[in-house]
Amino acid sequence: MADKSKLRSQKWFNNPDNQEMTALYLERYLNYGLTREELQSGKPIIGIAQTGSDLSPCNRHHIELTKRVRDGVIAAGGTVIEIPVHPIQETGKRPTAMLDRNLAYLSLVETLFGYPIDGVVLNIGCDKTTPALLMAAATVNIPAIALSVGPMLNGWFNGERTGSGTIVWKAREMQAAGKIDDDGFMDLVASSTPSVGYCNTMGTATTMNSLAEALGMQLPGSAAIPAPYRERGQISYHTGQRIVEMVHEDLRPSDIMTREAFENAIVINSAIGGSTNAPIHLNGVAKHLGIELTNDDWQGIGHKVPLLVNLQPAGKYLGEDYHRAGGVPAVIGELLRAGLLPHPDAVTANGKTMAENCGGMLSGNDDVIYSIDAPMLKDAGFINLKGNLFDSAIMKTSVISEEFRTRYLSDPDDPDAFEGRAIVFDGPEDFHHKIDDVSLGVDEHCILIMRGAGPKGYPGGAEVVNMRPPSYLLKKGIHALPCVGDGRQSGTSGSPSILNASPEAADGGGLALVQTGDRVRIDLRKCTADMLVDDAELKRRAEKLVNGSIEVPDSQTPWQEIFRAMVRPFSEGMTLEGATKYQDIARKY
Ligand code: FES
Ligand code: MG
């Protein structure tokens, strides 16, 4: 049995200095059948941060898995209290699911801090649930372990894999080109969601679940097991057992999510071909631990790392294939073999190091997870661009297509740079309204610019920077134009956009000054992005703006207003002003 005096739950349930309060704290938890023995004998109270609900289909299977987590906790001598978490469903939340990441974070911080919880299982899965829960665990800093809900099974249509999200971009192009009708569109998209679980592509969900494992916050192998597989239930049981041990060992998020762990995660993100949402989330989690992680780190540590994982959208396969080929441990094993994992000694949730967990793990199918000796691509990480359009914006250069390269990057005198005429859109509605209008004059020498789509502009930031060319260009076989913007892009889209621009146009960023018709120059070697407009003219334009920013639509809810007033740029992890100074609060107070 645990040393009772060390459990924070015992301050509520067994405080010898205050019998009266103990009785008051205790009695209500007995009313649904818990016993005094469970609450007072020194069994760790394990919270299960429940993100599964009818509102969150991606995470809904956690309701089932939680039964196995409970079994594991009880077998290891703990008691379970299930914690409802504010729901976040990526595909259904207006205006954006991203807006709710910080809301779920705040509410889980209050819950973990304010109630008698000794350790917590973080039920992660759908895009924003993973960072929200990791951020809360970081702030409160009680022992915590993450459990993925697991990806959906592979989607199939006419004998071909159809991946969640990715198929929508493809179907959209097919429809715009007149190849499928409305019903065909629906059928094709629905084929990509054959079971419970999170997106089966290497979108933000697979990325963030893989990175939660890369950070050491999950049991090895946990991220990639498909939701319906029996191993998913089994690892849920082991996760329940392990969190009880972690409480006894006092192994906390700050012991696991160190600067070294984040550096490992950046490298692993490049090797898996992770989403451009990852820097926003990991920079945010790091800030809540007092660790400075910047987009320069993403380029410096991650850019030169090769791509190993052949998953859609950049590749061919889906979640089941990823798991069968060995999942995250095989990727780490390959990196370790080449000496590319910067910190093999980083400690993970099972108490062992990365090297102990994954050393010698190899790909079980080198068409799905490539061998490090013959990677799928070199230099798969992000670059961090700067210039008069923004201070920082991310680009995944590894997804630049041959078509794109030939059209924009084939000048022998200047092979890394291109220029184009800016076409500026103020938000996604403006884009949808205008893009097919021939009078806008979009041609293959244009650069599409999306603004008003950042954290303040479109509260939370819209995934809209990957803009399709107008239908008349698609019909001519032009599938992608260069895109730049202060919004985000779904991880399920393979477009080589320049995105997450910080600061945004609604927060004093240079994008507020660009106008349709301006020349814009992008240099991928120097990592610059500039509008070729002289300073005097930029000054004139700035004077016409209020506070140097574009205007934004009214907030629709109280939280949107609070969020907009407090949010920091994507490059700062989209964290809330003032929130990151609260660290290690369960031990402090
Ligand atoms: Fe929920 Fe992709 S939409 S995981
Ligand atoms: Mg997404």
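You are looking at a predicted model, in which local features need pLDDT of at least 70 and side-chain atom pairs count only at pLDDT 80 or more, while totals for chains, interfaces and linings use all residues. Residues are numbered from 1 along each chain as its sequence is written, and chains are lettered from A and ligands numbered from 1 in the order in which they are written.

**The whole chain**

Switch to a cartoon view to see 23 helices and 14 strands; these are DSSP runs numbered from the N terminus, helices being H or I with at least four residues and strands E with at least two. The radius of gyration is 24 Å, close to the 25 Å from the globule rule for 589 residues, so the chain is as compact as a globular protein of that length. That radius is taken over C-alpha atoms, and the rule is 2.2 Å times the number of residues to the power 0.38.

**Helix 4**

Now select residues 62–75. The end C-alpha atoms of helix 4 are 19 Å apart, which agrees with the 20 Å that its 14 residues should span at 1.5 Å a residue; the expected span is 1.5 Å times one less than the number of residues.

Next, colour the buried residues of helix 4: His 62, Leu 65, Thr 66, Val 69, Arg 70, Gly 72 and Val 73. Seen down the helix axis they fall within an arc of 165°, so they line one face of helix 4; the arc is that of the directions from the axis to the C-beta atoms. Turn to the other side, where Lys 67 and Ala 75 are exposed.

What do the buried residues of helix 4 pack against? Their partners include strand 1 (45–50), strand 2 (79–84) and helix 10 (230–249). After helix 4 comes Gly 77, with a positive phi near 95°.

**Ile 268**

Jump to helix 12 (residues 259–272) and pick Ile 268. Ile 268 is buried, with 28 other C-beta atoms within 10 Å. Beyond its neighbours within four places in sequence, Ile 268 is in contact (C-beta atoms, placed from the backbone, within 7 Å) with Ser 210, Leu 211, Ala 214, Val 331 and Ile 332.

How values were computed: A residue is buried if 20 or more other C-beta atoms lie within 10 Å of its own, exposed if 12 or fewer, and partly exposed in between; C-beta atoms are placed from the backbone. Two residues are in contact if their C-beta atoms, placed from the backbone, lie within 7 Å.
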